[in-house]
Amino acid sequence: MRNLKNISFCLFPFAFCLGIAAAAAQQYPSRPIRLIVPQSAGGSTDVIARVVAQRMTETLGQTVIVDNRPGAGSLNGIEIVANAAPDGYTLLGVAASYTINPALHKKLPFDPIRDFAPITQLATLPHLLVVHPSVPVNSVKELIALAQAKPGALNYASSGIATSTHLAAELFMYMTRTSMVNVPYKGGAPAMVGMLSVQCQLNFATISTALPHVRSGKLRPLAVTTAKRSVAAPEFPTIAEAGVPGYEHASWVGLLATAKVPQAVITRLNAVAVKAAHAPDVKAALLKDGLEVTGTTPAEYAAIIKTEIAKWIKVAKAAGITAQ
């Protein structure tokens with residue numbers, strides 16, 4: 001009987017702390033929330049963050065303020081959230097580059113896994129492998145055969161060193177044992193100009209950038225980079241089903257909080273953010289730009305981040321890619 005009393009006495013502080021945490025979560029949020037976007041205004045990450053922030057504001061009854069903090073390849077804004085108080089009032093909206101950074105930098109001012117609490121992946125943006133009509137290929141298999149027969153003869157356009165379009169191509173070459181030359185531009189739009197002027201023969205462009213030129217017949221589509229066919233353009237096969245089993249890549253946008261934010265707060269933020277992203281008008285508006293709403297659980301998003309970090313470290317090492 002004495003042992004039972006001792007156990008009850010020991011458990012009391014734990015239960016008391018849980019009660020305080022639960023009460024705090026019920027009161028959350030009691031003031032405005034800052035959502036840091038470590039990129040400039042106008043990009044996909046910023047657009048999604050603002051749409052979702054507006055809907056979260058309506059549900060939470062507190063303003064979710066988007067605060068753009070670009071610089072140092074997004075590291076500046078990410079570091080702000082890593083060092084914020086773990087109270088759920090400073091959030092982070094990130095792109096897929098978040099999982100690429102560890103592959104490029106030997107030392108980061110934060111740990112992308114230890115210093116953050118995943119909330120949800122909001123949406124994905126497939127890439128579309130396109131070639132100029134002058135290239136004599138009509139399928140992924142034919143492209144691989146040409147690249148293997150003429151190593152280094154094909155140029156591919158990218159939106160810059162270590163960007164998502166660059167890494168999509170490097171993953172493709174890594175998995176197909178081919179060699180092509182990266183021609184980096186300062187963004188996706190200039191890269192597309194390079195394609196149309198035949199400075200480059202192919203591009204792993206985001207589907208929103210590539211589709212208008214595919215529809216007009218200026219570019220030939222081969223396949224999408226995602227594991228499943230794109231909702232925006234289901235007529236195109238995936239690279240995996242077109243000849244490279246296991247290939248998968250997409251740009252994406254997600255929400256994170258500072259590590260050690262109470263789990264009850266993370267659960268609440270997840271529910272509100274997923275609801276916001278899945279609003280019919282939000283889904284429809286994003287799909288017009290090729291963005292597909294996902295809305296994962298925190299655990300699912302954590303698994304995606306860990307898998308992507310490991311993948312890009314392997315690919316970057318094999319390709320000898322470092323931060324510029």
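**A buried glutamate and the chain around it**

Good morning. I begin with Glu-308, which is buried, its relative accessible area being 11%; buried denotes under 20% relative accessible area, with a 1.4 Å probe and protein chains only. Please note that this is a predicted model, in which local features need pLDDT of at least 70 and side-chain atom pairs count only at pLDDT 80 or more, while totals for chains, interfaces and linings use all residues. Residues are numbered from 1 along each chain as its sequence is written, and side-chain values use heavy atoms, leaving out hydrogens and water.

Where does Glu-308 lie? Glu-308 belongs to helix α11, residues 298–319; helices are DSSP runs (H or I) of at least four residues, and strands are runs (E) of at least two, numbered from the N terminus.

Which residues does Glu-308 touch? Leaving aside residues up to four places away in sequence, Glu-308 touches Thr-99 and Trp-252, a contact being heavy atoms within 4.5 Å. With Trp-252 there is also a polar contact, side chain to side chain, at 3.2 Å. Such a contact pairs N or O atoms within 3.5 Å, one able to donate a hydrogen and the other to accept it.

Let us turn to the whole chain. The chain has 11 helices and 10 strands. Its radius of gyration is 22 Å, close to the 20 Å of the globule rule for 324 residues, so the chain is as compact as a globular protein of that length. That radius is taken over C-alpha atoms, and the rule is 2.2 Å times the number of residues to the power 0.38. Finally, 49% of the 324 residues count as buried.

Technical notes:
Buried < 20%, exposed > 50% of the residue type's maximum accessible area, 1.4 Å probe, protein only.
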